[in-house]
Amino acid sequence: MSLILGLETSCDETSAAIVADGRTILSNIISSQIDVHQKFGGVVPEIASRKHIENVMPVVDEALTAAGVKLADVDAIGVTYGPGLVGALLVGVAAAKALAFAAQKKLVGVNHLEGHIFANYLAHQKLEPPFVALVVSGGHTSLVYQKGYNDFELLGQTRDDAAGEAFDKVARVMGLPYPGGPFIDRLAAQGDPESISFPRAKTGENYEFSFSGLKSAVLNYLNSARQKGESVDQANVAASFQKAVVDVLVTKTLQAAKQYAVDKIVLAGGVAANSGLRAELSEKSAEAGFKLFYPSLVLCSDNAAMIASRAFFKHRAGEWTDLRLNALPSLKLGENKYFSLKA
Ligand code: KG4
Ligand code: ZN
């Protein structure tokens, strides 16, 4: 059995986990900073870094204790080194390097977006590549063709706002708390998705996305109603906005699955928790004959178990690094900045 200690500090969750053989979660401790950032309406990078510093070692200790293992028992330490907030990433990377050095363990740098996809290997024990994955989070919206465990092709991503970012910005203007995605989701369930016609971005015959035009259209709709003193039906706005996001995501994902001739579609990232997206993608995938996989809610948002799973498959392929590992805030999916140091 191969045990990996995973560490995740790319944004506002400090998390540590122990995962066996890339598939079985022995512990997954998540310390969320949402309460701290909520009063600012978004993540404050400097505060996030300070909180990670306070939390990282207690969270690692808790993960080891909950799993009933000692640091000496783990085979490797996997840590998110990008993309994310540089100061936040640096805390996890520094902690992982110190632990790896002190306990003489292999160090594996993990791409956060690849980690999101790997949450599905934890949730579905029999899932294997190839498949097409839609990764939708607060910072990213990407379509990925995963050919093998360590073989990714980025098909396209957003040109401007990420899907989750659009959810959060619209929610903010509607007076909903941060992060707004789950609140829009709940409101949308009570509204009519056909009531307001918001634009679907036309990015052409490719796998790119754009959500800033849609976001502006919703903000204009709300502002113009406010100026005229008209009341808006918040549930209808939420439902119509959500439908516009979901339509584009589902259409392009199915298009990619057909073009790459896979039989599986994988959904990942914080926005994968969205009930409208899950329902529509489930229905359309089934109609077109694709099997759809998505993780449980806790594995959709940022957590270290998914990082440990990703690290397991890299470690198994001999892809680890030395203490030169550094935080890379703009790391691309599939990009391996730190060359493997095969034994
Ligand atoms: O993956 P994640 O936890 O962090 C990043 O890596 O960005 O994603 C967080 C994003 C936030 O924008 C949040 O509003 C969104 O995921 N989100 C949702 C839902 N739950 C979380 N968006 C829409 N519907 C939801 N149910
Ligand atoms: Zn994330």
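Modeller: The turns below set a few values beside their definitions.

Modeller: This is a predicted model, in which local features need pLDDT of at least 70 and side-chain atom pairs count only at pLDDT 80 or more, while totals for chains, interfaces and linings use all residues. Residues are numbered from 1 along each chain as its sequence is written, chains are lettered from A and ligands numbered from 1 in the order in which they are written, and side-chain values use heavy atoms, with hydrogens and water left out.

Biologist: Why is α11 said to be largely enclosed by the rest of the structure?

Modeller: Buried means under 20% relative accessible area, exposed over 50%, and partly exposed in between (1.4 Å probe, protein chains only). In α11, 12 of the 13 residues are buried, so this helix is largely enclosed; among them are Met306, Phe312 and Phe313.

Biologist: How do you know what span to expect of α11?

Modeller: Helices are DSSP runs of H or I with at least four residues, and strands are runs of E with at least two, numbered from the N terminus. The expected span is 1.5 Å times one less than the number of residues; α11, residues 304–316, reaches 18 Å from its first C-alpha to its last, close to the 18 Å expected.

Biologist: What makes β7 and β8 a pair?

Modeller: Two strands pair if DSSP finds at least two bridges between them. There are 6 bridges joining β7 to β8, and these strands run antiparallel; Ser142 stands opposite Gln157 in β8. The open sheet has the order β8-β7-β6-β9-β10, with mixed pairing, and β8 and β10 are called edge strands because each pairs on one side only.

Biologist: Which protein atoms are called donors of the zinc ion (ligand 2)?

Modeller: Donors are N, O and S atoms within 2.8 Å of the metal (3.2 Å for Na, K and Ca), and water is not among the atoms, so sites may look incomplete. His112 (NE2), His116 (NE2) and Asp302 (OD) lie 2.0 to 2.1 Å from the zinc ion (ligand 2). Being 4 residues apart in helix α4, His112 and His116 are separated by about one helical turn, and both histidines, His112 and His116, are buried.
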